[in-house]
Amino acid sequence: MKKIETAFTKMLGIHLPLIAAPMFLVSNEDIVVEASETGAIGTFPALNYRPIEKYAAALKTIRKRCKKPIGVNIIVNKSNVRQNDDLKIALDHGVELFITSLGSPKTVIREAHKNGAKVICDVTNLEHAKKVQDMGADGVIAVAQGAGGHAGPITPLVLIPWLKAELSIPVIAAGGISHGSAMAACLALGADAVSVGTRFIASKEAGVDKAYKKAIVDSTPEDIVMTTRVSGTPAAVIRTPYIDKVGTDLPWMIRTLKENPATKKFVVPLIHLMGMRALEDAANKPTWKTVWSAGQSVGLIDEILTVKQIVEKMVAEYDIAVGHLPKPKRSR
């Protein structure tokens, strides 16, 4: 496999600056193993495996099949009562990379560093990026406009170079990346790696319902809408008749309770739980309540491939894109 060396690949000892992003209900043992074995790094959300015994078993199986670096995503807000146990189990299995989302990564950074593991944090703005850098994070994932799930509001054309200029740690680009030319563009903007999610939903290894994969292949960027109905935080999903029916905003009463300091701590976990159940139903079985998480890169996905084929195709496309860049002229 070709080597594309960056600060991120050096940090983890991998060949490619490419993360198979941790996707709720999508990322599984096969995707993680195949991505890492192909030279990228496979990751998955700890909460994809419930109860926690299944999570420990999944890590054990992955470690038997793959000796290369892997990553685990941990939700670090108060609604995730498993986070400390998830972290300990991952450390016991020698996980090399942790990706934190939706909260403070302080504990994860402290404990991971004791084991020599690295921690990168999802961020959508400079303020949060500086906070996690000060906590000791080893990198940030710049979640930009166009990403699936909890997408940021800033275009990657601005977010990547902005964070790169202000931070001293690696910046990983996320949002709208499913083609090698996008990977080349992100690295040209200063990114040290790319995080790719939506493309791997349309993989043979993904264990989601066939209708979900077909929706990824058939959808255009205009089919992606932002909704707060899933988790209370704006999230990108494919527009379906169900999304049209329920709308993309929280009902007025729930929104009021969410914003009230006295009721927020009770309402937010309830919103998350209801959203997770809707996503789970839609991902794993036919249902009229179709809530499919995806980013705008669906517009560039037109076939279902293996994880290995996806990675190899992106590298080939990257090479073509880099080869087409005009060579700078020497000044006399």
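Two strands pair if DSSP finds at least two bridges between them. Strands (E, at least two residues) and helices (H or I, at least four) are DSSP runs, numbered from the N terminus.

The model is predicted: local features need pLDDT of at least 70, side-chain atom pairs count only at pLDDT 80 or more, and totals for chains, interfaces and linings use all residues. Residues are numbered from 1 along each chain as its sequence is written, and side-chain values use heavy atoms, with hydrogens and water left out.

**Exercise 1.** Determine how strand β8 is joined to β7 and to β1.

*Solution.* Step 1: β7 (residues 171-174) and β8 run parallel and are joined by three bridges. Ala 174 is opposite Ser 195 of β8. Step 2: between β7 and β8 the chain passes through helix α8 (residues 180-188), in a right-handed β-α-β crossover. Right-handed means that, with the strands pointing away from the viewer, the path from the first strand over the helix to the second runs clockwise. Step 3: β1 (residues 18-20) is also parallel to β8, with three bridges; Ala 20 has Val 196 as its bridge partner.

**Exercise 2.** State which way the residues of β8 point, and whether they are buried or exposed.

*Solution.* Step 1: Ala 193 and Ser 195 point one way from β8 (residues 193-196), Val 194 and Val 196 the other. Step 2: all are buried, that is, under 20% relative accessible area (1.4 Å probe, protein chains only).

**Exercise 3.** Identify the residues that Val 26 touches.

*Solution.* Step 1: contact means heavy atoms within 4.5 Å. Step 2: leaving aside residues up to four places away in sequence, Val 26 touches Ile 31, Asn 48, Ile 201, Ala 206, Val 208 and Tyr 212.

Terms used:
Buried < 20%, exposed > 50% of the residue type's maximum accessible area, 1.4 Å probe, protein only.
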